[in-house]
Amino acid sequence: MYLNLAGNIAMRRLAKIFDHTDNDEGEFLVEEGNTAPTPLAVVPELKRRRLGRSYMASLPTVPSLASVSPEYAALLQKQTEINTELAKITQDINDTMVGLSRAASEEAFMQKARVDAILDADPGELSKVTEQKQVLGRRLSDLQQRAADLKAANAEVERRVITARNRASVLVCAQIEDQYREMVVTICDRLRNLHEASLAYQKFTDALTGEDIAWTRLGVMFPTLLGDPRDSQGRVSGYFREAAKLGFITTNDIPETLR
């Protein structure tokens with residue numbers, strides 16, 4: 001008699017979780033339009049179908065930081081502009097350094113040819129190469145200075161972005177707080193039901209063991225990820241305590257065995 005009662009309790013609690021309802025009444029796993037209990041052999045298929053239902057379709061829309069804060073949006077735009085120019089400047093610096101290297105090689109070659117051959121090397125050609133080298137050197141210096149300024153500006157705008165992000169996040173959190181809290185409460189509700197089902201399973205298998213029944217041939221399915229359902233210091237009780245501490249639930253909402 002005890003086994004039958006414990007088994008019925010466990011099955012009803014499991015049915016409640018699979019069906020995503022809080023109804024404690026009725027027979028185990030009643031199909032829609034059918035008042036008779038679903039045979040145990042059909043449970044795996046029913047479980048698969050029920051667990052396939054998703055809460056994702058009801059997710060609230062999350063506003064972007066830029067949509068609630070013009071300041072944040074403007075800073076992001078400025079950051080993009082700085083990074084775009086910095087990328088171009090960096091490429092110009094690389095190109096200019098290549099030009100300088102080429103000019104230096106040409107200048108050295110012309111000097112060596114004149115000295116070695118003591119011929120009539122055209123000083124004008126050497127002068128042009130030297131002038132080009134000087135122009136490229138000045139350009140490189142200007143580009144490097146601009147790059148340094150852009151990097152400094154980028155560091156400052158990044159600091160401002162972080163500050164604006166925090167302010168904008170406050171606005172977003174105010175908009176989505178109710179939906180956020182509702183989700184945590186839903187998790188606690190489902191976790192409470194799952195804890196009760198785990199506890200019922202534990203008691204049921206304890207009763208089977210107490211009767212010296214070799215029940216493990218049915219498949220040992222302790223939900224070990226939840227820990228011992230009687231452990232008031234386990235991960236499940238820890239989650240409940242944290243939820244109560246942050247005001248999502250009250251202490252009375254925590255399953256009695258976990259307080």
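This report walks through the fold and the aromatic pairs of a predicted model.

Let's start with the overall picture. The protein is built from 6 helices and 0 strands, so reading along the sequence gives α-α-α-α-α-α. Of its 259 residues, 28% count as buried. As for contacts between residues at least 6 apart in sequence, 66% join residues at least 24 apart.

Now for the rings. Searching the whole structure turns up 3 aromatic pairs. Two of them are set out here:

| Pair | Centre to centre | Angle between planes | Geometry |
|---|---|---|---|
| Tyr180 and Phe248 | 6.2 Å | 50° | tilted |
| Trp215 and Phe222 | 6.1 Å | 80° | edge-to-face |

Take Tyr180 and Phe248, a tilted pair. Tyr180 sits in helix α5 (residues 123–210), while Phe248 belongs to the segment after α6 (235–245), so this pair ties together parts that are 68 residues apart in sequence. How covered are the two partners? Tyr180 is partly exposed, because its relative accessibility is 49%, and Phe248 is buried, because its value is 16%, under the 20% cut-off.

On to Trp215 and Phe222, whose planes stand at 80°, so the pair counts as edge-to-face. Trp215 is buried, with a relative accessible area of 10%, whereas Phe222 is partly exposed at 31%. Which residues do ring pairs link into a cluster? Tyr201, Trp215 and Phe222.

Note on methods:
Residues numbered from 1 in each chain as written. Predicted model: local features only at pLDDT ≥ 70, side-chain atom pairs only at ≥ 80, totals over all residues. Heavy atoms only, no water. Phe/Tyr/Trp six-rings, centres within 6.5 Å; stacked < 30°, edge-to-face > 60°. Helix = DSSP H or I, 4+ residues; strand = E, 2+ residues; numbered from the N terminus. Buried < 20%, exposed > 50% of the residue type's maximum accessible area, 1.4 Å probe, protein only. Contact = heavy atoms within 4.5 Å.
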